[in-house]
Amino acid sequence: MEIKTDYISDINPSKDSWRIIVKGDKIQASIKRAMIRKFRSLLNGGVSYTMSTFGVGQNIGDYKPTSHAYKLNFFDSKQ
């Protein structure tokens, strides 16, 4: 059985669970300051990852490094 995947361009807050393919598209992501050290040691460029502890919110405010309407908000799964 094939697992359905979504593209970054499809991301929106309409559902709670996403399986995304990141290739060529960009989306902003936010990580709380207290968690930066944890994520910095886990993430490397050019590598594929499975991520599950994030929410999707509107990409609003003064700092918008991408034109995507939404952004990923990473949080600690232990909360």
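I began with phenylalanine 54 and phenylalanine 74 and found both buried. I use buried for under 20% relative accessible area, exposed for over 50% and partly exposed for what lies in between, with a 1.4 Å probe and protein chains only.

I note that this is a predicted model, in which local features need pLDDT of at least 70 and side-chain atom pairs count only at pLDDT 80 or more, while totals for chains, interfaces and linings use all residues. Residues are numbered from 1 along each chain as its sequence is written, and side-chain values use heavy atoms, with hydrogens and water left out.

**Entry 1, overall layout.** I counted one helix and five strands in the protein chain. Helices (H or I, at least four residues) and strands (E, at least two) are DSSP runs, numbered from the N terminus. Along the sequence they come in the pattern β-β-β-α-β-β. I took the box filled by the C-alpha atoms along the principal axes and got roughly 40 × 30 × 25 Å. Of the 79 residues in the protein chain, 22% are buried. I then looked at contacts, meaning heavy atoms within 4.5 Å. Of those between residues at least 6 apart in sequence, 44% join residues at least 24 apart.

**Entry 2, strand pairing.** I count two strands as paired if DSSP finds at least two bridges between them. Strand S3 (residues 28-31) and S5 run parallel and are joined by four bridges. In that pairing I looked up serine 30, which stands opposite asparagine 73 in S5. S4 and S5 pair in the antiparallel sense, over five bridges. For glutamine 58, the bridge partner in S5 is tyrosine 70.

A nonpolar core is a set of buried Ala, Val, Leu, Ile, Met, Phe, Trp, Tyr and Cys residues joined through side-chain atoms within 4.5 Å. The largest one here has ten residues: Ile8, Ile11, Trp18, Ile27, Met35, Phe39, Phe54, Val56, Leu72 and Phe74.

Which residues does phenylalanine 54 contact, leaving aside its neighbours within four places in sequence? I found Trp18, Leu72, Asn73, Phe74 and Phe75. For rings I used this rule: Phe, Tyr and Trp (its six-membered ring) pair if their centres lie within 6.5 Å, with planes under 30 degrees apart counted as stacked, over 60 as edge-to-face and the rest as tilted. The rule gives one aromatic pair. Phenylalanine 54 and phenylalanine 74 form this tilted pair, at 5.6 Å centre to centre and 50 degrees between the planes. Phenylalanine 54 lies in strand S4 and phenylalanine 74 in strand S5, so the pair ties together parts that are 20 residues apart in sequence.

I located aspartate 6 in strand S1 (residues 6-7). Aspartate 6 is buried, at a relative accessible area of 6%. Not counting residues up to four places away in sequence, aspartate 6 touches Lys15, Trp18, Arg19, Ile20 and Ile21. Its side chain makes a polar contact with the side chain of lysine 15, at 3.3 Å. A polar contact is a pair of N or O atoms within 3.5 Å; within protein, one must be able to donate a hydrogen and the other to accept it, and residues adjacent in sequence count only if both atoms are side-chain atoms. The charged end of lysine 15 also sits over the ring of tryptophan 18, 4.4 Å from its centre. That term requires NZ of Lys or CZ of Arg within 6 Å of the ring centre and within 35 degrees of the ring normal.

I found threonine 66 in the loop between S4 and S5. Is threonine 66 buried or exposed? Threonine 66 is buried, with a relative accessible area of 13%. Its side chain reaches the backbone nitrogen of histidine 68 at 3.5 Å. Beyond residues up to four places away in sequence, threonine 66 touches Lys26, Ile27, Gln28 and Asn59.

Tyrosine 49 is in the loop between helix H1 (36-42) and S4. Tyrosine 49 is partly exposed, with a relative accessible area of 32%. Leaving aside neighbours within four places in sequence, tyrosine 49 is in contact with Leu42, Leu43 and Asn44.
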